[in-house]
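Look at the structure below and keep the sequence beside it. This report takes a few residues at a time and says where they sit and what they touch.

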Amino acid sequence: MRMIFVNLPVKEMAATRRFFGALGFTFNEQFSDEQAACMVVSDNIFVMLMVESRFGEFVNGAVGDPEKDTQVLTCLSAESRAEVDDFKAKALAAGAREWKPNVEFGPMYGCSFQDINGHVWEMMHMAQE
């Protein structure tokens, strides 16, 4: 089984962990410390949240500022339209900011927001016929 690890720089680890914890995510403490947190999305999808100085050790050049430029769109699937709306409501209540209005593309319905570090997250329900 192949796994995916998305790596994102964050400004403040404790606040970031609280934010994503409020959205229902857990963390693999074996791969977490004060500079990094391994957020579990599913059995084979993880997000490595690293303070900017630690993230900088893995890249060439400067660490980009997601407040100025969109670096990535991280999109998660949803089981229903209600899950899309509930997830966005939780994110906004935890400190996220609106990014774009909810969208409908044929059988797809989704939302987007910026997390507390400026990264853009989307959640999309894809109706199956």
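## P9 and its contacts

Leaving out residues up to four places away in sequence, P9 touches M50, E52, F55, V63, N117 and H119. Keep in mind that this is a predicted model. P9 belongs to strand β1. Is P9 buried or exposed? Its relative accessible area is 6%, so P9 is buried. The cut-off for buried is under 20%.

P9 can also be placed relative to D65. The two residues are 56 residues apart along the chain. Their C-alpha atoms are separated by 9.0 Å.

## D65 in its loop

D65 lies in a loop. That loop runs between α2 (52-56) and β5 (73-78). With 27% relative accessibility, D65 counts as partly exposed.

What does D65 contact, apart from its neighbours within four places in sequence? The answer is K11 and Q71. A14 makes another reference point. D65 and A14 are 51 residues apart along the chain. Their C-alpha atoms are separated by 19 Å.

## Salt bridges

Side chains of opposite charge can pair when their charged atoms come close. How many salt bridges are counted here? The count comes to six.

E52 counts as partly exposed, at 32% relative accessibility. K11 counts as partly exposed too, at 46%.

## Two bridges between α3 and β6

R81 and E104 meet through their side chains in a salt bridge, at 3.3 Å from N to O. The pair links distant parts of the chain: R81 is in helix α3, and E104 is in strand β6 (residues 97-105). The two are 23 residues apart. R81 has a relative accessible area of 38%, so R81 is partly exposed. E104 counts as exposed, at 53% relative accessibility.

E98 forms a salt bridge with K88. Here the closest N and O atoms are 2.9 Å apart. This pair also links distant parts of the chain, with E98 in strand β6 and K88 in helix α3. They are ten residues apart. E98 is partly exposed, with a relative accessible area of 48%.

## V103 in strand β6

V103 lies in strand β6. Its relative accessible area is 28%, so V103 is partly exposed. Not counting residues up to four places away in sequence, V103 touches M108, Y109, G110 and M124.

How far apart in space are V103 and Q71, C-alpha to C-alpha? The distance is 20 Å. In sequence, V103 and Q71 are 32 residues apart.

## A buried charge without a bridge

E122 is found in strand β8 (residues 120-126). E122 is buried, yet it has no salt bridge. Why is there no bridge to K100? K100 is the nearest side chain of opposite charge, but it is 6.9 Å away.

E122 does have other residues around it. Not counting residues up to four places away in sequence, E122 touches L73, T74, C75, L76, C111 and S112.

Which residues gather in a patch of negative charge on the surface? They are E79, E83, D85 and D86. D86 lies in helix α3 (residues 81-93). At 47% relative accessibility, D86 counts as partly exposed.

A nonpolar patch also lies on the surface, formed by M1, M3 and F5. Together these residues have about 370 Å² of accessible area. M1 is found in the segment before β1 (4-10). M1 has a relative accessible area of 80%, so M1 is exposed.

Technical notes. Residues are numbered from 1 along each chain as its sequence is written. This is a predicted model: local features need pLDDT of at least 70, side-chain atom pairs count only at pLDDT 80 or more; totals for chains, interfaces and linings use all residues. Side-chain values use heavy atoms; hydrogens and water are left out. Patches are made of residues with over 30% relative accessible area and no salt bridge: like charges are joined within 9 Å, nonpolar side chains (Val, Leu, Ile, Met, Phe, Trp, Tyr) within 5 Å. Accessible areas come from the Shrake-Rupley method with a 1.4 Å probe; for residues, only the protein chains shown count as cover. A salt bridge is a side-chain nitrogen of Lys or Arg within 4 Å of a carboxyl oxygen of Asp or Glu. Lys and Arg count as positive and Asp and Glu as negative; His and the chain ends are not counted. The place of a charge is taken as NZ of Lys, CZ of Arg, CG of Asp or CD of Glu. Helices (H or I, at least four residues) and strands (E, at least two) are DSSP runs, numbered from the N terminus. Buried means under 20% relative accessible area, exposed over 50%, partly exposed in between (1.4 Å probe, protein chains only). Contact means heavy atoms within 4.5 Å.
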